[in-house]
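Notebook open, structure loaded. I wanted to look up a few side chains and how they pack, and jot down what I found.

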Amino acid sequence: MSDMSLLPHGPLLERLLAGEFICAVSDESAFKRLQDDATREAIDSYLRPLNRRVASSQEECVYFLAWRQLDDSARDQLARQLGDTVNSLLPLLEWLQLVQETLGRDSVLSPGDVLKPGELQAKSEDNPSLRERIERLATDSFFGSQSDQLDAQVKQVFKRLREHGYLLQPHGDRQVFLVTGKVDYLLELVRFIRDEEHLPVDDEGEDTQEALL
């Protein structure tokens with residue numbers, strides 16, 4: 001496969017190499033291109049010397065790069081990545097469960113779902129238990145809120161989720177967010193850790209996993 005044939009896919013390839021997750025919510029055009037077998041094969045061919053490949057979630061709603069073969073070098077890098085991710089897993093899972101319970105959803109969030117911080121705040125204002133959970137979540141090191149005000153805490157949580165690619169804010173002047181396909185990747189990662197890696201989590205983490213999965 002010549003480099004010339006990859007020219008149309010150059011920017012997309014760069015985004016994947018930078019660690020981006022591409023879904024229909026975050027970039028519909030790029031997502032449709034990655035759904036094309038020929039495009040994925042061309043990118044995979046180029047990535048083969050790098051021991052990388054285009055991967056997708058089980059539902060094929062998000063694309064990202066994964067290792068082609070787990071050699072010693074890849075295992076070391078994957079272990080470091082998992083170590084960094086595990087630190088954020090519990091607050092992310094707690095947020096998913098909190099939204100599911102507070103908004104009365106029957107199932108976990110999925111790509112394209114619309115979320116409004118104001119709705120979460122309104123349902124929590126007169127509920128001391130929910131307010132306490134939001135405060136505990138928002139002040140976690142992953143979300144990093146230093147405010148004692150509910151509205152600021154909720155906004156900080158949504159801001160961090162947008163920064164990490166789990167939410168998309170189509171209009172910067174409106175507090176309306178869309179769930180991206182990266183949430184599917186997160187849940188699959190949790191299942192992988194639970195089923196394959198047997199990484200230790202505390203009792204609270206196990207309860208949250210069971211409620212979501």
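Predicted model: local features only at pLDDT ≥ 70, side-chain atom pairs only at ≥ 80, totals over all residues.

**Entry 1: Q153.** I checked where Q153 sits, and the residue is in helix α7. Buried or exposed? Q153 has a relative accessible area of 3%, and since the cut-off for buried is under 20%, Q153 counts as buried. Next I listed its contacts, skipping neighbours within four places in sequence: I134, E135, A138, S145, S147 and D148.

**Entry 2: L120.** I134 made me look at another residue that touches it. L120 is in helix α5, and L120 is buried too, with a relative accessible area of 5%. Leaving out residues up to four places away in sequence, I found L120 touching T102, L103, I134, V154 and F158. I also looked up the C-alpha separation of L120 and I134: 9.6 Å, for two residues 14 apart along the chain.

**Entry 3: α5 against α6.** How do the two helices cross? I got axes that come within 8 Å and an angle of roughly 130 degrees, for α5 (residues 117-124) and α6 (residues 128-138). That angle is why I put the pair down as oblique. On the α5 side the contact is made by L120, K123 and S124, and on the α6 side by L130, R131 and I134. I sorted the residues of this contact by type and wrote down three nonpolar, one polar and two charged.

**Entry 4: the nonpolar cores.** Which residues touch the most other members of the largest nonpolar core? I noted W95, L96, L115, F158, L161 and L167, out of 32 residues in that core. Elements giving two or more residues to this core are α4 (72-102), α6, α7 (150-163), β6 (177-179) and α8 (182-197). The most come from α4, which gives eight. F158 was already in my notes, as a contact of L120.

I then took L161 on its own. Not counting residues up to four places away in sequence, L161 touches L92, W95, F143, Y166 and L167. Of these, W95 and L167 are also on the list of residues that touch the most other core members. Apart from this core lies another one, of 12 residues, with L12, L13, F31 and I43 among them.

Notes: Residues numbered from 1 in each chain as written. Heavy atoms only, no water. Axes fitted to C-alpha atoms, helices over the stretch in contact; angles between N-to-C directions. Helix = DSSP H or I, 4+ residues; strand = E, 2+ residues; numbered from the N terminus. Parallel < 35°, antiparallel > 145°, perpendicular 65-115°, else oblique. Contact = heavy atoms within 4.5 Å. Nonpolar A, V, L, I, M, F, W, Y, C, P; charged D, E, K, R; others polar. Core = buried A, V, L, I, M, F, W, Y, C linked by side-chain atoms within 4.5 Å. Buried < 20%, exposed > 50% of the residue type's maximum accessible area, 1.4 Å probe, protein only.
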